[in-house]
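This report covers strand pairing and nonpolar packing. The sequence and structure come first.

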Amino acid sequence: MNRLTTTQKLWSTLIIILAAMLMLVGWLAWENRQTIEDERRTSIEHLVESVQSQVSALQTRVDTGELSLEEAQQRAIDTMSNVSFGDGEYLFSFDDDLRIVSHPNRPRREDMSNYQDASGMDLYAAFREAAHAGGGHVDYYSRRISGDEQVPKTSYVAYIPEWEWSLASGIYVDDIDEAFIGNLIRSMTILLIIGLPVTLLMGWVIRDVSRRLGGDPRYAADVVRHIADGDLTRTTQLSARDQQSLLFDIDRMRETLSDTIGSIHQSADNVNTAVEQIVGVNEELSTRTEQQAASLAETASSMEQLTATVKQNAEHADHASQLASKTTDSAQQGSEAMESVIDTMSTINDSAKQMSGIIETIDSIAFQTNILALNASVEAARAGEQGRGFAVVASEVRQLASRSATAAQEIKTLIDNSDAHITQGTRQVRDTGTVISGIVDNIRQLDTLVKEISAATKEQSHGIEQVNEAVTQMDQMTQQNAGLVQESTGATQRLADLSFELRQRVAHFQIAGHQASATPSLPSSHHG
């Protein structure tokens with residue numbers, strides 16, 4: 001239902017109202033039919049009961065002797081034969097043997113025990129059952145007096161126990177249906193007479209409202225909502241001939257507003273671009289001026305320190321020249337001492353080599369002694385018992401020779417290590433002597449350079465003092481320029497804030513070809 005347009009809802013409501021009225025008319029007509037049916041059923045019930053009362057009165061006269069039973073029954077039959085009401089409706093009776101007592105279309109005493117209606121029901125047996133039950137209505141099919149077709153009929157049956165008769169009378173249902181259809185047609189006709197002009201009037205009103213709106217009210221609300229949200233890009237769907245509807249005027253308002261906002265948007269962008277350029281230039285100028293001022297201040301301070309440092313360096317250069325002379329003398333003496341150390345290390349190296357030769361001789365003697373002891377052991381073994389003591393001595397000599405060889409080997413290892421260290425030390429002392437000789441030459445050159453630096457430093461000190469005065473003047477002028485740039489930057493920043501606020505307000509609207517997808521960024525500001 002929510003997908004329907006308002007026009008469709010109005011037409012649907014009108015159709016529902018008409019359908020409800022039709023249903024109401026039909027229901028009232030059906031209620032009228034039920035009322036007619038109830039009235040007719042009640043009328044035949046009263047009719048049968050009235051004849052039953054007359055028969056009871058005749059039976060009373062029979063009981064008092066005024067009439068014989070035959071006379072009373074004949075009078076009752078005559079009364080029933082004369083009863084007529086409605087269109088072809090009549091009163092009839094039969095006894096408990098289901099034989100006709102009185103019927104306008106059937107002879108008297110006709111046996112009806114096997115009679116069935118169109119539905120196959122034993123009709124008179126059903127009549128008798130309803131009569132013996134105290135009276136009641138029976139629905140069945142029956143022919144009219146003037147026709148052969150069986151139609152639905154309803155009869156009321158009552159019982160006369162004194163004579164064992166059953167009285168019945170009925171109404172045809174198709175008469176009630178005809179009355180129902182007639183009432184329904186009349187009601188429908190009245191409804192059409194009243195409803196058709198109302199429907200045409202409502203249709204004209206719906207069409208006029210739709211034409212004045214130019215579309216569905218929900219669509220108009222959606223268009224207005226988008227405009228209120230700042231979206232001016234959506235075109236309004238209008239018919240080709242629509243020139244004066246509400247949606248047409250809303251679309252004209254959107255186009256006018258879009259043009260106005262577009263112009264403001266473009267102007268704001270141009271102003272913002274110019275402001276951003278000015279802000280950028282001022283910020284860069286301010287930054288550079290501040291940096292220049294800071295650099296000049298640092299330069300002035302550095303120049304003062306440099307002046308003091310140069311003076312101090314001149315003094316230190318004089319002192320260094322004196323120290324360099326003394327260092328040259330000391331280095332010369334150290335070089336001579338290193339030459340003496342080199343000679344001593346060479347003598348120690350020669351002694352270590354002689355000791356290594358002696359140890360080798362001892363090792364050779366121990367080896368020969370070991371061989372001799374081994375030969376002695378062999379000879380002692382050949383001598384047998386007489387050479388056993390000699391064998392023991394030879395064994396001891398072998399052990400001593402082995403221990404001497406081992407000790408000699410260890411001493412040789414130590415001497416070799418010492419010789420290696422002495423050789424390395426001799427080489428290092430020789431290298432150190434060479435380095436000290438180079439240092440002596442360098443110190444002589446350094447002494448010459450320090451004297452030259454001392455003279456140049458005095459000249460630099462005088463020139464730096466003049467540069468320091470010029471830098472101090474430039475620092476004062478730069479500080480004044482930085483103050484002016486900061487004032488210009490503050491004024492430009494206020495203009496940038498106003499431009500940003502304008503762009504923020506305009507950015508709420510989206511227009512064709514220039515949609516504000518995001519809030520414009522505020523230009524950065526640096527006030528030093």
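## Strand pairing

Strands E5 and E6 (residues 165-172) run antiparallel and are joined by eight bridges. Strands pair if DSSP finds at least two bridges between them. Strands (E, at least two residues) and helices (H or I, at least four) are DSSP runs, numbered from the N terminus. Thr-154 has Ile-171 in E6 as its bridge partner. Four residues separate E5 and E6 in a hairpin, and Glu-164 in the turn has a positive phi of about 60°.

E5 also pairs with strand E4 (residues 136-143): eight bridges, again antiparallel. Here Val-138 has Ser-155 of E5 as its bridge partner. E5 (residues 150-160) is mostly covered, with nine of its 11 residues buried. Buried means under 20% relative accessible area, exposed over 50%, partly exposed in between (1.4 Å probe, protein chains only).

## Model and numbering

This is a predicted model: local features need pLDDT of at least 70, side-chain atom pairs count only at pLDDT 80 or more, and totals for chains, interfaces and linings use all residues. Residues are numbered from 1 along each chain as its sequence is written, and side-chain values use heavy atoms, leaving out hydrogens and water.

## Nonpolar cores

The largest nonpolar core holds 23 residues; Val-51, Val-55, Met-80, Trp-163, Trp-165 and Leu-167 touch the most other members. Helix H1 (6-64), helix H2 (69-82), E5 and E6 each supply at least two of its residues. H1 gives the largest share, seven residues. A nonpolar core is a set of buried Ala, Val, Leu, Ile, Met, Phe, Trp, Tyr and Cys residues joined through side-chain atoms within 4.5 Å.

Another core, of 20 residues, lies apart from this one; among its members are Ala-131, Val-138, Tyr-140 and Ala-168.
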